[in-house]
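Student: I've got a structure open here and want to talk through it. Can you take my questions one at a time?

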Amino acid sequence: MNRSFLEVSRLSVRFGPTAPLVLNSIDLKVEQGQYVAVIGHSGCGKSTLLNVVAGLLPATLGGVLLEGSEVTEPGPDRAVVFQNHSLLPWLTVYENVKLAVDRTVGRNMSRAERHAWTMENLALVRMEGHAQKRPAEISGGMKQRVGIARALAMKPKVLLLDEPFGALDALTRAHLQDQVMAIHARLGTTIMMITHDVDEAVLLSDRIVMMTNGPNATIGEVLEVDLPRPRDRLALASEPRFLAAREAVLRFLHERHALPAAA
Ligand SMILES: Nc1ncnc2c1ncn2[C@@H]1O[C@H](COP(=O)(O)OP(=O)(O)OP(=O)(O)O)[C@@H](O)[C@H]1O
């Protein structure tokens with residue numbers, strides 16, 4: 001049988017035996033190296049989907065396979081970056097990343113290798129110059145970069161990004177999007193990203209998974225983003241294929257699956 005790298009099959013989730021289904025029979029296949037964005041209105045179940053893939057939440061029905069193995073618990077092969085950084089405040093930037101290295105891939109490395117690998121990942125997000133600072137001493141964008149370095153340092157098979165740029169100002173956000181695109185090009189990591197931002201989804205992704213409104217949310221449409229890489233945000237701003245993809249997602253969200261007007 002032809003398996004995909006990551007497969008979500010007939011996934012349904014409810015929180016409690018009598019609660020309605022939040023997700024209803026989600027089917028999604030992601031190939032190795034693909035960048036997939038999941039977009040949908042607030043509350044439709046995007047984070048729930050990501051959390052099941054991360055192993056943080058159980059499936060009620062169906063499930064998730066990564067390279068053919070069922071996901072039943074969290075693991076370093078699926079690193080998550082949340083909207084609000086989850087760095088340990090009492091550790092330095094270096095120590096935050098090093099801790100993740102020590103607990104995962106670093107187990108089979110020498111002390112010098114663990115140090116080098118920690119620094120290599122900080123350099124990937126251009127944070128090597130801030131290694132000795134604590135989270136309180138760096139900006140929100142820098143914290144997210146450290147969170148991404150920490151996730152990548154675990155050499156995950158899949159990087160799960162839950163609105164990673166959501167709390168950042170527009171310029172910092174654009175800068176970080178460019179960095180993530182560069183990292184994806186360099187490492188070829190499989191990425192699943194949740195976002196509310198249509199431009200961000202089109203700019204970064206190979207495919208955009210559009211979810212219907214909850215409860216009982218499911219995948220409404222999947223859009224293939226046919227734009228060559230590397231992608232340049234300025235050049236794309238007037239590129240017809242970029243604009244067409246953007247319009248397709250906007251129409252899905254605001255015409256076919258618009259939220260009812262507030263009472
Ligand atoms: N632990 C939980 N217990 C009960 N209900 C939950 C729990 N987590 C999520 N829900 C409910 O499941 C639904 C989907 O939530 P989820 O956070 O997955 O949506 P979302 O699309 O990620 O939303 P947003 O875009 O606002 O972050 C919501 O109605 C939410 O209230």
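Student: Which residues in helix 5 do G141, Q144, R145, I148 and L152 in helix 4 meet?

Tutor: Keep in mind that this is a predicted model. Helix 4 covers residues 140–153 and helix 5 covers residues 170–187. The partners in helix 5 are T172, H175, L176, V180 and I183.

Student: And by class, what residues does the contact of helix 4 with helix 5 have?

Tutor: Take both sides of the contact together, with I148 and L152 among those from helix 4 and V180 and I183 among those from helix 5. The tally by class is 5 nonpolar, 4 polar and 1 charged.

Student: Are helix 4 and helix 5 roughly parallel or roughly antiparallel to each other?

Tutor: Their axes are 10 Å apart, and the packing angle is about 20°. Angles under 35 degrees count as roughly parallel. So helix 4 and helix 5 are roughly parallel.

Student: Over to the ligand: which helix gives the most to the shell around it?

Tutor: The surrounding residues include F15, V22, K46, S47, T48 and G214. By class, the shell has 3 nonpolar, 7 polar and 1 charged residues. The top contributor, with 3 residues, is helix 1 (residues 46–54).

Student: What is the mean pLDDT of the protein chain?

Tutor: The model scores ipTM 0.97 and pTM 0.95. For the protein chain, 99% of residues reach a pLDDT of 70 or more, and the mean is 95.

Methods
Residues numbered from 1 in each chain as written. Predicted model: local features only at pLDDT ≥ 70, side-chain atom pairs only at ≥ 80, totals over all residues. Axes fitted to C-alpha atoms, helices over the stretch in contact; angles between N-to-C directions. Helix = DSSP H or I, 4+ residues; strand = E, 2+ residues; numbered from the N terminus. Parallel < 35°, antiparallel > 145°, perpendicular 65-115°, else oblique. Contact = placed C-beta atoms within 7 Å. Nonpolar A, V, L, I, M, F, W, Y, C, P; charged D, E, K, R; others polar. Near = placed C-beta within 6 Å. pLDDT = per-residue confidence, 0-100.
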